[in-house]
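Hello,

Here is the structure for your files. My notes on what was found in it follow below.

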Amino acid sequence: MIRIFCLLILLICFPLRADSTTTLTAGDRIFLFVPGEKAFSDDFTIDDNGKIQLPEVGTVSIAGLTIRDAEQKIKQILSDIYLNLDDFKLTLKEQLIRIHVLGYVETPGTVSLKPNSNIQLALAAVGGARPGAQLDKFSITRNGISQRFNYKKYLDTGDISNLPTLTNGDTLFVPVSPLLGNIEVDFDAAAIQNTGDSNKKNGLTLFGEVRNPGTFSYKPEMNVVDAIMRADGVTRYADVTKIRVVTDNKPYIFDLKTYLDTGDTQHLPPVKEGTTIYAPIEIDDISTTVRTAFVMGEVKAAGAYEIGKTTKFIDVLANAGGPTRFADTTQIKILSETEAPITVNLVEYTKSPQDYDIPLMKTGDVIFIPEKTTVNVKSWLKITDDRSIKIIGAINIPGRYEWSPAMDFMDLLAHAEGPTKRANLTNIRLITEDKDLNKGHDVSFFNFQNFIKKGHPKRLLPRLTAGMTIIIDELPDDPSDNKASWLRQAPKDSIYIFGSIGAPGRYAFNNDQGFLDILSAADGPSNEADLQEVLITHRNGTQSHVTQLNLSEYFRTGDESVLPKVVPGDVIYIPKISKASDHHAIKIIGAVYTPGRFNFNEKLTFLDLLSMAGGPKNKANLSSIRIVRIPKKNQPSAQGHQVLFFDLENFIKQGSPKSKLPKLTYGDTIIVDELPHNPSDSKSSWLRQSASDSIYIFGAVGSPGRYGFNKEQGFLDILSAADGPIGDADIQELLITHRNGKKTTVSRLDLARYFETGNEKLLPTVLPGDVIYVPQTTQAKDDKTVMVIGSVKGPGRFKWNRKLTFLEIFALAGGPLESANLSSIRIIKKNKNDPNSIIYFDLEKFIDRGGNFATLPTIRAGDTIMVDELPRDPSDNKSTWIRQNAEESIYVFGAVNSPGDMPLIVT
């Protein structure tokens, strides 16, 4: 298979074996390989002048040159225009010879032949020799020397040696036979013999539509039929009813058909020596015999036809080949000179021919079959007003259509390919012109949509008449406000809605729609709408009146009887609420689409209010939604406000029951925070991110810092968010401080082993609040280190750089132990002479106040961080009372085993 493929490639690339010394001649086909140029993708043929036409260059003469010389010449010419011609090559695709064929041939001229072609192939290329060519005296001219040869001998023997060989530039000449004379005529040997055997004076001359016209000898017993048969009869184009006979200079009209039908010799005109007979062509004269009827229009073979006394209409129509596919068979006309025109409906005739009354055909009757009108034929002149109907407007193919009494409204609508999508089917207008022009026209209306929905009987469709105009209006282009085409919409078909609505305006309306339909079409009430004071002005009656609607009551009860009946022409007004009372409102602010203040009732849930605010935005932090609750009047204001947190994201994912939603009350404020705008380090808005939703990652990573994190994410997520470990990271000694449990623990991770094995069990579970530290592999110098000692999990000396904060260094040491005194951490500066050589830092206070990084102490190279341990007194809580906030404690005194402050558990 590979060998065959390679052979095909060679045949395509090298179609003709020719060495570089082959001489190019006129007719040769060459290929020029110019890489990257589409203009050289086709072959070039050398013309008779030995030139080729090159793009951007023009004509170049290469005939007579070898392939190598021609290639160099063309390459030199193209080098002035094209730069890269290193791979240029000229390939001879096909070498032809040019032969000039002249003389008595069908199409003399110059032809291109393949080498080794003979004389017969050259003649075939010009269509062959013409009848009358002298085949035994062909000549060939080469270099000005002419040579004769006998082509007839070659045709008789098939011996190719009788033919000279052809070379490029030869001229082949075909002479004409001297028997043809000086005037060129069609050569027919039989015709020469059949042109007659007598002269004009003593014979009969026949011409016209006869098979062998000429002058023939006369015999005494001959009649005109014998004379016609002497000329082999008439042709099929002859008009045998109007044969002209001239005898003794007197003309006669001979009807051969009548003579053959009757056999009456009285119809034969006299003939004698010198008589002239002419058979005219049928189309040269109109056939008007005593038994002729005419068929014209859309039939297979229109024309004049002979009829008898009992010939019927259908007989003549069938004789004419019947109607074509373009014929209108319902409007066939029979025209008569003596009677009124008769209209024949061939469709009805075929249903019951015995009941359809059609008179017999008479001489001179004309059957006219008109052309039917199609959608593609736009000429309205083909249909008269008394059988046409017009349909315009929002229809797929509006126009003027042919009308029939059998047509109903559905037929016409289907023929126009139905209404468009924007058609107003509830108010179709039908215009009927009165015959008395002074009375104008009548307009009626038809609700087609109601007809379809309610399934009315067919008799309720509007009755169509000839000349009627049907108008189907189009619905407004912009349904939100109808202002795009409000002039085209009648007021009686409109309803008006104003006030605190999404899209107030003028809307199309019909009796099938209701109050909720127009309310939803106008995008519903806005947030500031007063649903308890909706006003409806009813204008359709004899006197306008106003009704009031409490729409909120309908929403609460679902009672359909509350909704008013509205019809086209009515006006709906939804006022704006004057002021939302705080004691009956809930405020929603933050990352929602329509923040604001909303009226509250006990049936509204958290999700209801969130949807009223348009729902959360894409960047909303759904895992920590705050609900701020102001104390009621009966509650002491000293307690301040209460803040509740709700994880909506977890509620959605776990499919929690509705009872898990937070219970809201009037006066609450719902705050939906936005996720940080810069997820790479969260520093752009870190104050807006709660510590409970954050995770810390420090050390040799691309972007250390504080990141938003939730329980759905894992270790690799936070590592990739921090741009992963950098080049000098020690991925075999990663430290993870787990701070979310009752007891802080530190675990180690060999990340290199995970990358080598892919074992997911090696990855630790991290949660918000945890700290991840990726150490560096290089050894730290003494002058570039910070020491962390005391109650930490991994005390030691750590490499310092300017980007490290106190928390990051603290994380490098593994974080504090449970017994660490975080309220009084000492930082000992390296410079002893500095009056602030010892700095105290309260880490607990830092965490409780939201973690303001600006308050963190600055750590320099050589500093020492010392974390003291709390006193140990396991008998009561006094060992850790310093770490316990007063607001989380309860005090017990008196006759108890261990008076003091105990932790307060809030349930």
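Helices (H or I, at least four residues) and strands (E, at least two) are DSSP runs, numbered from the N terminus, and contact means heavy atoms within 4.5 Å.

The model is predicted: local features need pLDDT of at least 70, side-chain atom pairs count only at pLDDT 80 or more, and totals for chains, interfaces and linings use all residues. Residues are numbered from 1 along each chain as its sequence is written, and side-chain values use heavy atoms, with hydrogens and water left out.

Helix α2

With 12 residues (67–78), α2 spans 16 Å from first C-alpha to last, close to the 16 Å expected at 1.5 Å a residue; the expected span is 1.5 Å times one less than the number of residues. Ile67, Ala70, Glu71, Ile74 and Leu78 are buried in α2. They lie on the same side of α2, because they cover an arc of only 100° around the axis, taken from the directions from the helix axis to the C-beta atoms. An α-helix has 3.6 residues a turn, so residues three or four places apart point the same way. Buried means under 20% relative accessible area, exposed over 50%, and partly exposed in between (1.4 Å probe, protein chains only).

The chain as a whole

The chain has 19 helices and 47 strands. Of its 907 residues, 38% are buried. Contacts between residues at least 6 apart in sequence join residues at least 24 apart in 53% of cases. The accessible surface is about 53600 Å², and carbon and sulfur atoms account for 52% of that (Shrake-Rupley method, 1.4 Å probe; for residues, only the protein chains shown count as cover).

Two strands pair if DSSP finds at least two bridges between them. Strand β26 (residues 494–499) runs antiparallel to β27 and is joined to it by 4 bridges; Ser494 stands opposite Ala508 in β27.

Another open sheet of 5 strands, also of mixed pairing, has the order β22-β21-β25-β23-β24. Its edge strands are β22 (399–402) and β24 (441–446). Strands β23 (residues 428–433) and β25 (residues 469–472) are antiparallel, with 3 bridges between them, and Arg429 stands opposite Ile471 in β25.

Regards
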